[in-house]
Amino acid sequence: MKLNVELVPLLLLFFSLSLCEIKEDDLDLERQVKTMNKPSIKTFMTKEGDTIDCVDINKQPALDHPLLKDHKVQTKPNLHVTNLRRTSSNAKSVGFGLKEPCPTGTVPIHRVTKEYLIRARSIPKIPSIAAIRQNTVSSNQHVVSLTDNMIENIKYGGGGRTTVFNLTVAHDQFSAHNMWIETGPPEHISMIVVGWMVSDGHRNGCYNVLCPGFVQVDTRLTPSDPLRRSSTYGGWQYEVALHIEQDRNTGNWWLIGTDRKIKVGYWPKELFLYLRNGSLHTAWGGIGVAGSNGFCPPMGSGHRPDGIIRHATVFRRLHWVRSDGKSLPPSDKTTRWVDRSNVYGLMNHRRSIYGTGYMISFGGPGGYCKV
């Protein structure tokens, strides 16, 4: 039964692996559900109607991945997170996560249902920056992005702060707002994507459960958390701080969220062929996936950037991480990409006069976008 609830932005995680798949027949779906749902120590029901199980950290579904058969969970990273602090009073931080933490030694896992997995069949694969550069993305995917192409700089992480808006989208549309970290040949790219999304068909976060492999560590946060507040056009702005960094001792890629530097979890190095020692590319931007009628959803605030930071979604304090842990703004070798359907826009403000660090603004109302 579908719940009649308001659409809310969700925290989005994605990584590119060939092993992610959804079986088609009911028997296989039932088997997947049984495999993915682990015995719980404690259970919560969220106001959105989701069931959260507190699962033994060493028995979480991520560890079922065949590449993680002998993986030992890392509970504390060695990182240099320094730049998630706020530098502007124009935006407030978005809250997300459970009000009450899971017991020590457990992590919160969204309970999977067969309906969850059926909906997941229609989830689009996030395109890589390499595919965008070569203009080989699917015809219904429309992208705006800023890419740092200084490949002489090996990037051991990156991040920024992005404002969040609550959008209205059709059941077969998808609007995502991301940062990419990727490297490798286009035909076998290694890629991590993190951000926020709005999608009617996937509001329960099934996007994030398809590909086991992200190891959760925090006792309150999950990769599919609804973001409880959102910005308004010309009014109050709410933002989420995101930072990804590779632990140079273990090679694992950690996700750090919010101003409190919460270590949500990590992507083990075993998952990637070309992200073992840093990355060549970082990018920031958005993706709109058109519905079957050829219309693209709104992106960002639903308005094109016009230079006023309260009017469009912004991604500010953009940075990449050097080998010594220092965070630096994008280089002078950046590429701005705006989809030729002309339903979205992107402005590169570089080092903004607003004191917000390196910043871009992007988005648009959507509309008919077949080209």
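Here is a short chat about the predicted model shown above.

Q: What kind of model is this, and how are residues numbered?
A: It is a predicted model: local features need pLDDT of at least 70, side-chain atom pairs count only at pLDDT 80 or more, and totals for chains, interfaces and linings use all residues. Residues are numbered from 1 along each chain as its sequence is written, and side-chain values use heavy atoms, with hydrogens and water left out.

Q: How many helices and strands does the chain have?
A: Three helices and 21 strands. Both are DSSP runs, numbered from the N terminus: helices are H or I with at least four residues, strands are E with at least two.

Q: How much of the chain is buried?
A: Buried residues make up 60% of the 371 residues. Buried means under 20% relative accessible area, exposed over 50%, and partly exposed in between, with a 1.4 Å probe and protein chains only.

Q: Which residues touch the most other members in the largest nonpolar core?
A: Ile 244, Trp 253, Trp 267 and Ile 360, out of 43 residues in that core. A nonpolar core is a set of buried Ala, Val, Leu, Ile, Met, Phe, Trp, Tyr and Cys residues joined through side-chain atoms within 4.5 Å.

Q: Which strands supply at least two residues of it?
A: Several do, including strand S6 (141-148), strand S11 (237-246) and strand S20 (358-363). Apart from this core lies another, of 15 residues, among them Ile 132 and Met 197.

Q: What does Ile 360 touch?
A: Its contacts include Leu 146, Trp 284, Phe 315 and Met 347, not counting residues up to four places away in sequence. Contact means heavy atoms within 4.5 Å.

Q: New topic. Is Arg 161 buried or exposed?
A: Arg 161 counts as buried, because its relative accessibility is 1%. It is found in strand S7 (residues 157-163).

Q: What is the order of the three-strand open sheet?
A: S2-S3-S5, with antiparallel pairing. Two strands pair if DSSP finds at least two bridges between them.

Q: Which strands stand at the edges?
A: Strand S2 (40-45) and strand S5 (106-110). Each has a single partner strand, so one side of each is left without a neighbour in the sheet.

Q: How many bridges join S2 to S3?
A: Five. Phe 44 has Ile 52 in S3 as its bridge partner.
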